[in-house]
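Please look at the sequence and the model below.

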Amino acid sequence: MEQVSSGMDLSLRGKFSVGGGHVAVQDVQTAGDLNLQGAGQITLKDPIGDSALNLRATITTGLDTPDAIKTLVGLIPRAPGAKPDAPITVTGTLANPRVR
């Protein structure tokens, strides 16, 4: 896994493989202001925006996470009564993702 750092307090690690018209997202993790752990598959299509998503992720924030990021994470649709760290599923396409 390769580690990438951004301007905000965030590190990203990921393991991907590409082949047969698919991108396998085997393990993606962030740590810092936004904590994410996810995996799944993207089926590549032409145009790229029509590529199909089948991803699952858990997204949480920490005590020191800026309020703006907490607000954005709070906008992620979740089932009524779901815990804040409940996994979400991302389906649809790159151009029109659906979160459940």
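This is a predicted model: local features need pLDDT of at least 70, side-chain atom pairs count only at pLDDT 80 or more; totals for chains, interfaces and linings use all residues.

Leaving aside residues up to four places away in sequence, Ile 88 touches Leu 55, Arg 56, Ala 57, Ile 59, Ile 76, Pro 77, Arg 78, Val 99 and Arg 100. Two of these partners, Leu 55 and Ala 57, will come up again with the pocket.

Ile 88 also belongs to the largest nonpolar core, a group of 13 residues in which Ile 88 and Leu 55 touch the most other members. Two or more residues of this core come from each of β3, β5, α1 (67-74) and β6. The largest share is that of β5, with 4 residues. In soluble globular proteins, nonpolar side chains tend to be buried together.

Where do these elements sit in the chain as a whole? Read from the N terminus, the order is β-β-β-β-β-α-β-β. That makes 1 helix and 7 strands. Of the contacts with a separation of 6 or more, 32% join residues 24 or more positions apart. The C-alpha atoms occupy a box of roughly 40 × 35 × 20 Å along the principal axes.

The chain has 100 residues, and 24% of them are buried, where buried means under 20% relative accessible area. The accessible surface amounts to about 6,600 Å², with 57% of it belonging to carbon and sulfur atoms.

Next comes the empty space. Rolling a probe the size of a water molecule over the atoms shows where such space is left. The largest pocket holds about 280 Å³ of space. Its lining consists of 15 residues, and Leu 36, Leu 55, Ala 57, Ile 59 and Val 90 are the ones nearest the centre of the pocket. Leu 55 therefore has a part both in the core and in the pocket lining, a core being a set of buried residues joined through side-chain atoms within 4.5 Å. At least two lining residues are supplied by each of β3 (22-32), β4 (34-43), β5 (52-61) and β6 (88-92). Sorted by class, the lining has 13 nonpolar residues, 1 polar and 1 charged.

One detail of the backbone remains. Which form does the peptide bond from Asp 46 to Pro 47 take, cis or trans? The bond is cis, and its omega is near 5 degrees. Most peptide bonds are trans. Pro 47 is placed in the loop between β4 and β5, and both of these strands also contribute to the lining of the largest pocket.

Key: Residues are numbered from 1 along each chain as its sequence is written. Side-chain values use heavy atoms; hydrogens and water are left out. On a 1 Å grid over the protein atoms alone, a cavity is a set of points where a 1.4 Å probe fits but cannot get out, and a pocket is an open set with protein on both sides within 12 Å along at least five of seven lines; lining residues have an atom within 4 Å of a point. Grid points are joined across faces, edges and corners, and a volume is the space filled by probe spheres set on the points. Ala, Val, Leu, Ile, Met, Phe, Trp, Tyr, Cys and Pro count as nonpolar, Asp, Glu, Lys and Arg as charged, and the others, Gly among them, as polar. Buried means under 20% relative accessible area, exposed over 50%, partly exposed in between (1.4 Å probe, protein chains only). Contact means heavy atoms within 4.5 Å. Accessible areas come from the Shrake-Rupley method with a 1.4 Å probe; for residues, only the protein chains shown count as cover.
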